Amino acid sequence: MQVQDAQKALISDTAIHSNERLSPFTPIERGHMAALLKEGKTQAYIAAELGRSEATISREINRNSGREAYDPNQAQENYENRRKASRR
């Protein structure tokens, strides 16, 4: 009986996180994120809005914010450059 309970808990925990996509952000998502940040929305709010985890949103913002605010065009360019570099 305990094994079944553990399996149910594992399945339940997996279902909680199954809504997160593992695909890269699209330019549209990056633009939406920038607009929400400019409005002062929290990372939790943005994560819920985009169907991503808060950690994913945080990494995206930290990775692609320079001295200024998050720039979706620069973020997309950074992403494309990282992809090109990884394929060498």
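Author: Helices (H or I, at least four residues) and strands (E, at least two) are DSSP runs, numbered from the N terminus. Here the protein chain has five helices and zero strands, in the order α-α-α-α-α from the N terminus on. This is a predicted model, where local features need pLDDT of at least 70 and side-chain atom pairs count only at pLDDT 80 or more, while totals for chains, interfaces and linings use all residues. Residues are numbered from 1 along each chain as its sequence is written, and side-chain values use heavy atoms, with hydrogens and water left out.

Reader: What share of the 88 residues is buried?

Author: Buried means under 20% relative accessible area, with a 1.4 Å probe and protein chains only. In this protein chain the share is 24%.

Reader: Which charges sit over rings?

Author: The test is that NZ of Lys or CZ of Arg is within 6 Å of the ring centre and within 35 degrees of the ring normal. Lys41 is placed over the face of Tyr45, 5.0 Å from the ring centre. Arg52 has its charged end over the ring of Phe25, at 4.2 Å from the centre.

Reader: Which residues line the largest pocket?

Author: A pocket is an open set of points on a 1 Å grid over the protein atoms alone, where a 1.4 Å probe fits, with protein on both sides within 12 Å along at least five of seven lines; lining residues have an atom within 4 Å of a point. The lining of the largest pocket includes Phe25, Arg52, Arg59, Glu60 and Tyr79. Two or more lining residues come from each of α4 (54-64) and α5 (72-86), and α4 gives the largest share, four residues.

How values were computed. Buried < 20%, exposed > 50% of the residue type's maximum accessible area, 1.4 Å probe, protein only.
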